[in-house]
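Dear colleague,

Please find below the structure that I am handing over to you. My notes on what was found in it follow directly after.

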Amino acid sequence: MPSCALSSEFYSIPAPQAARALLGMRLVRCLDGQRLAGLIVETEAYRGEQDQACHAHAGRTQRTSVMYGPPGTAYIYFTYGMHWMLNVVCEEPGFPAAVLIRAVSVCEGAQTVALRRLGVKSAAWTDGPAKLCKAFDIDGRLNGSSLCQAGQALWIEPGQPVSDSLVSAGPRVGIDYAGEPWRSIPWRFRARLSP
DNA sequence: AGCACGATTAACT
DNA sequence: GTTAATCGTGCTC
């Protein structure tokens, strides 16, 4: 069955809406001809130069320029000296906004992920933004690439719809330096999965 | 200088 | 089984 990636239009909406809509979608990584995939279970929205937690808060720089580009583009950056993070650019070109993919639930290629995450229990393979990048071999080489073309290195396709009753929203994490209201605004979305 | 984190440790239930 | 504290690491500004 041919896979079909979410289109650029899907991401042309306010980042918090996109963050909610991405829950349950399937993140697909094509690695050495093999499909690795996971259902998105946690996201965070970052939106505009006004948002003190958004990288674009300091304006447009070489690093943040990707966020000003077309929706559906991967914004991948490096932080804390060792971690890569995957974001999807949202909204109209010229307006910096993105959704951080914080966690996925592996549904394809588990055998390969297990090899990439040797010594890590399956529950901890992809339950953090840097962990999923490591598990799926996502790094700066993919920064700026489009996520709207199925069959390339990385894309997002429809997965399992997640009903509102399974979604909880809360404040974003790791942004203590931001002031109000940005620090408390509930732009983090989680889907409670079925154990 | 400081950071959209993770692994490890150490204290609690 | 949880939450809290610590710190490594190297890229961006």
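**Contacts with the DNA**

A backbone N or O atom of Tyr80 lies 3.3 Å from a base oxygen of DNA strand C. This is a polar contact, meaning a pair of N or O atoms within 3.5 Å; within protein, one must be able to donate a hydrogen and the other to accept it, and residues adjacent in sequence count only if both atoms are side-chain atoms. Please note that this is a predicted model, in which local features need pLDDT of at least 70 and side-chain atom pairs count only at pLDDT 80 or more, while totals for chains, interfaces and linings use all residues. Residues are numbered from 1 along each chain as its sequence is written, chains are lettered from A and ligands numbered from 1 in the order in which they are written, and side-chain values use heavy atoms, with hydrogens and water left out.

At Gly81, a backbone N or O atom is 3.3 Å from a sugar or linking oxygen of DNA strand C. The residues around DNA strand C are Thr61, Arg63, Phe78, Tyr80, Gly81, Met82 and His83, where near means that a heavy atom of the residue lies within 4 Å. Of the atoms of DNA strand C that come within 4 Å of the protein, 63% belong to sugar and phosphate.

**Two loop residues**

Thr73 is placed in the loop between strand S2 (34-47) and strand S3 (74-79); strands are DSSP runs (E, at least two residues), numbered from the N terminus. Thr73 counts as buried because its relative accessibility is 9% (buried is under 20% relative accessible area, exposed over 50%, partly exposed in between, with a 1.4 Å probe and protein chains only). A polar atom of the Thr73 side chain lies 2.7 Å from the backbone oxygen of Pro70.

Pro186 belongs to the loop between strand S7 (167-170) and strand S8 (188-191). With 41% relative accessibility, Pro186 counts as partly exposed. Leaving out residues up to four places away in sequence, Pro186 touches Ala169, Gly170 and Pro171; contact means heavy atoms within 4.5 Å.

**The nonpolar core**

The largest nonpolar core has 57 residues, and Leu86 and Ile101 are among those that touch the most other members. Such a core is a set of buried Ala, Val, Leu, Ile, Met, Phe, Trp, Tyr and Cys residues joined through side-chain atoms within 4.5 Å. Strand S5 (residues 97-108) gives the most to this core, with six residues.

Conventions: Helix = DSSP H or I, 4+ residues; strand = E, 2+ residues; numbered from the N terminus.
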